[in-house]
Amino acid sequence: MNTLLEVKNLKVRYGNIEALHGISFDVKEGEIVTLIGANGAGKSTTLMSICRLPPPEAPRVTEGDILYKGQSLLNMPPHKVVSDLDMALVPEGRRIFGNLTVEENLKLATYARTDGHEHIAQDYERVYQLFPRLAERRKQRSESLSGGEQQMLALGRAIMTKCSFLMLDEPSMGLAPLLMYDMFRTLKELNQGGLTILLIEQNANLALRFAHRGYVLDTGEIVAHGTSEELLADPEVKKAYLGG
Amino acid sequence: MQKHTFTIGLFALIALIVALSQLNILDQYYTSVIMFMGVNVMLASSLNLVNGYMGEFSCGHGGFMCVGAYVSSLCTVLMFSKNQILGAPLLPPQLAFIGFPIALMVGAGAAAVAGLVVAIPSFKTRGDYLAIITLAANYIIISAINNMEIVGGPRGFMGMSATDRAMSGVIDLPWMLIFVLLGSVFTVWLLRRFVTSTLGKGVPAICQDEIAAEIMSVDTNRMKLIAFMLSSGLAGLAGGLYAHVLGYVNPQSFDIMRSTEVMVMVYLGGMGSLSGAAIAAVSYTVLMEALRFLDVWKWVVIPLLLILLMQFRPEGIMGNKELSDLFPKLRKYYSFK
């Protein structure tokens, strides 16, 4: 399998505080990889650095490199990362556009696509097939959606940008357990269709059952990594993150 | 057929107004009120793109209007009028039909370029801070023109009515009225096309969440550049028409008072509603004329109305809805979204 994303000795800081002390990990094509860790471990910081979000939102990279298909991302603006490299991010807290309708949210995501109306129309159909609820509510302003539906929209929006690599920041946050399982089932389906996924999750148990491999992040350092089975069996990980 | 009813109706209305004015059933006063309505519709709808759809607070719209007014006036005076400094007319009056729209476009283009003064700082600055920059832009433009002797400085600049005379000399019609009405239809049409397009959806996205817009592949800097330049360019077009309607401009008529007036129209109509902006511009112009008997006191009454509006209907007449949202039956005749 080809390596899709490679993070090499990444050090980033917010002002004077170093948030990541040189982490390295990689994601291969077709894989689901998860980063788990406690609050403040640096999970979201890692994702934001990969997406090149502008300051003050994003941390400043002081050392190391982020390579996607061998190409460094460090000098790219976020919209280029999304449009040219087919990466997509479902951000923490969803951040959908509440002042637009469901359909307009999806339409906006096609902003930089140049692959023609036919492909875009196919993707609309795919999103509405995955989430029939969105199809029912396509004319509704998205701020009126429930939390679960908003999460569906955030994922649908990411699909509409035409992505081959999807990053998710805490997709289970604020979802009822049933909806959460639904969401993960959908993600699994998308992965079987060829989508590579990098997942950040507080719910380590759920994330490891879902992913192929995982990395454990603790206060800015990677303290353990391995296949999901290995991590689930690791007594240290069990004690710290899986509740004994 | 039904889809075109609205367009046909609109142009029939324009033809009717022009005919009434031509036959002197609408006298000079009513004709000029209608022309100011048109100019105000253009100003309010173009400012609405920035203040309503994009959620910024631009309070220097008068400045861009000023650039458009002066640049297009300079062009037409150079082409069709005798001027002490610029000399004899360069072109015969028959060419005014081509020359005038070109002059208006040049004015609009210059105003769009002036919009860069605000657009480039907007990459890094938002909200209140950007509002101060727009205010400064307005002052810069007014002061610059105050100090330019070639356009008369604070005394103002005239000679634009020669263009109107040149056109009426060839075909006797109220040409300025026609241009203003067509200009306002063009402005609203263009803005409507823009905000409903996939590209234009980037504008409300920036209003809501810039970071989220970026990760949806929206180049927010480019989007801001387009929105600010489109808005100021259309204000320049309105300014050009305003200058030629009056036949005389001076820098004071584009100062912060003018910018405030346009803002009042936008907030009266409802932010993010084009039909709201148009309705507000028309009713504001009517109100200004209706309160003329109050003389200076109308500047006490109108701000008071604004306070009452903000108290009891802060979202303006239309909120962020369009006419077709409030009266779904209208959708048969024209579709907004």
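Reply: Strand 3 of chain A, residues 32-36, is mostly covered, with five of its five residues buried. Strands, like helices, are DSSP runs numbered from the N terminus, a strand (E) having at least two residues and a helix (H or I) at least four. A residue counts as buried if 20 or more other C-beta atoms lie within 10 Å of its own, as exposed if 12 or fewer do, and as partly exposed in between, with C-beta atoms placed from the backbone. The model is predicted: local features need pLDDT of at least 70 and side-chain atom pairs count only at pLDDT 80 or more, while totals for chains, interfaces and linings use all residues. Residues are numbered from 1 along each chain as its sequence is written, and chains are lettered from A and ligands numbered from 1 in the order in which they are written.

Both faces of strand 3 of chain A are covered. On one side A:Ile32, A:Thr34 and A:Ile36 are buried, and on the other A:Val33 and A:Leu35. Strand 3 of chain A has a parallel partner in strand 8 (residues 196-201) of chain A, to which five bridges join it; two strands pair if DSSP finds at least two bridges between them. Strand 9 (residues 213-218) of chain A also pairs with strand 3 of chain A in the parallel sense, over four bridges. A:Leu35 stands opposite A:Ile200 in strand 8 of chain A and opposite A:Tyr215 in strand 9 of chain A. Strands of a sheet pair through backbone hydrogen bonds, either parallel or antiparallel.

Contact here requires C-beta atoms, placed from the backbone, within 7 Å.

The domain assignment, which is automatic or from a database, divides chain A into domain 1 (1-86 + 165-177 + 191-244) and domain 2 (93-163). Ten residues from domain 1 and eight residues from domain 2 of chain A make up the contact. On the side of domain 1 that touches domain 2, helix 2 (78-85) and strand 7 (165-169) of chain A each supply at least two residues, and helix 2 of chain A gives the most, with three residues.

One further residue deserves mention. A:Leu153 lies in helix 6 (residues 147-160) of chain A and is buried because 24 other C-beta atoms lie within 10 Å. Not counting residues up to four places away in sequence, A:Leu153 touches A:Ile96, A:Val102, A:Asn105, A:Leu134, A:Ser142 and A:Leu145.

Definitions and conventions
Contact = placed C-beta atoms within 7 Å.
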